[in-house]
Amino acid sequence: MTKVAIVILNWNGEKMLRKYLPTVLTFSQDEAVVYVADNASADGSLHLLQTEFPNCKVITLAENYGFAEGYNKALRQIDAEYYLLLNSDIEVSHHWLTPLIEFMDEHQDAAACQPKLLSVFNKDQFEYAGASGGFLDRLGYPFCRGRIFDNVEMDNGQYDYPCEVFWASGAALMIRSTDYWECGGLDGRFFAHNEEIDLCWRLRIKGRKIYCIPDSFVFHEGGGTLPKANPRKTFLNFRNNLTMLYKCLPDKQLSKVMVLRFFLDYLAAFEMLVLKRNAGDFMAVVKARKAFRQWRKDFENDRRQIQQSRVDLADDGLLSNFSILWQYYIKKRNRFSELPM
């Protein structure tokens, strides 16, 4: 069995692979085996891998299964103690893997961890998609140590200590293979977005822990497949977030949260339409709400099994008991250190 398998999921990412894969191979091959799982790319990705990166193992998938199911299908073909899911637009540096491996080896209660994510464009600033570890507020809105909504902090060492978090970013996620499969892996129906938060929440319900280890840090470009301002991305984020809440929230919280989210989601949609004049994102939210209503019944069995898997005293611990909307927009608290954690 391989100790660590780094798995990069690629879809039409020839430019990203050419730019960032060399650093992964250079600074990782002593401690890990590097794989690229290709989601039926139509560009020159496979030719690039064959001609310029012959030492990289390649898994070819028959079609574009998306982020979630693409990883499931690729990881089923890999025998490793730890998987490290890595975006194709990540730049790594010397000894980035060592702190992650050492922490996981020494903490058997940890199912997964992430490095500190910094911006490849400004290496003194956190990166949006995970920063220094993620949390959820009581209504299911994600935020991070180092990033609340669009406010991204500079990295001044303020979060440079290992920390238990609610979710770790799928941009660079190390996870025990046993935990991954015992929890059912990523939910392939999500396709992309919120799938790693959903996975981490299911792990936490089972009593497992998630950490950020900032002694390890990587640089993330972000938006490599779908840019941030994209109706498809808006649709997936809203639909999948609601589905995750339906699956994972305790019975005592589910109804109240879903009612509040109904009003808040449509409020966000009308803000997009009226204030931002973004009809595409407005329609994306409306369609996401409809899609969630239509497929919610498909997740009834998932919800039942997840709720039955709760360990003794499991109460979603780090699920915050405040509204990040209220803290950010009303209280004007835009830094993690200002929140009533």
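Reply: Let's begin with a term: two strands pair if DSSP finds at least two bridges between them. Strands themselves are DSSP runs of E with at least two residues, while helices are runs of H or I with at least four residues, and both are numbered from the N terminus. One caution before we go in: this is a predicted model, where local features need pLDDT of at least 70, side-chain atom pairs count only at pLDDT 80 or more, and totals for chains, interfaces and linings use all residues. Residues are numbered from 1 along each chain as its sequence is written, and side-chain values use heavy atoms, with hydrogens and water left out.

Now find strand β1, residues 2-10. On one side, β1 pairs with strand β4 (residues 80-86) in the parallel sense, over 6 bridges. You can trace this pairing by eye: I6 stands opposite L84 in β4, and I8 stands opposite L86 in β4.

β1 has another partner, strand β2 (residues 33-38), and that pairing is also parallel, with 6 bridges. Look for N10 here, whose bridge partner in β2 is D38.

Next, hop over to β4. A handy spot to check is L85, whose bridge partner in β12 is L173.

How covered are these strands? Buried means under 20% relative accessible area, exposed means over 50%, and partly exposed lies in between (1.4 Å probe, protein chains only). By that rule, 7 of the 9 residues of β1 are buried, and so are 6 of the 7 residues of β4. Across the protein, 56% of the 341 residues count as buried.

Let's zoom out. The protein has 11 helices and 13 strands. Its C-alpha trace spans about 55 × 45 × 45 Å along the principal axes. For the radius of gyration, taken over C-alpha atoms, the globule rule is 2.2 Å times the number of residues to the power 0.38. With 341 residues, a compact globule would come out near 20 Å, so the protein's 19 Å agrees.

One last number concerns contacts, meaning heavy atoms within 4.5 Å. Among contacts between residues at least 6 apart in sequence, 76% join residues at least 24 apart.
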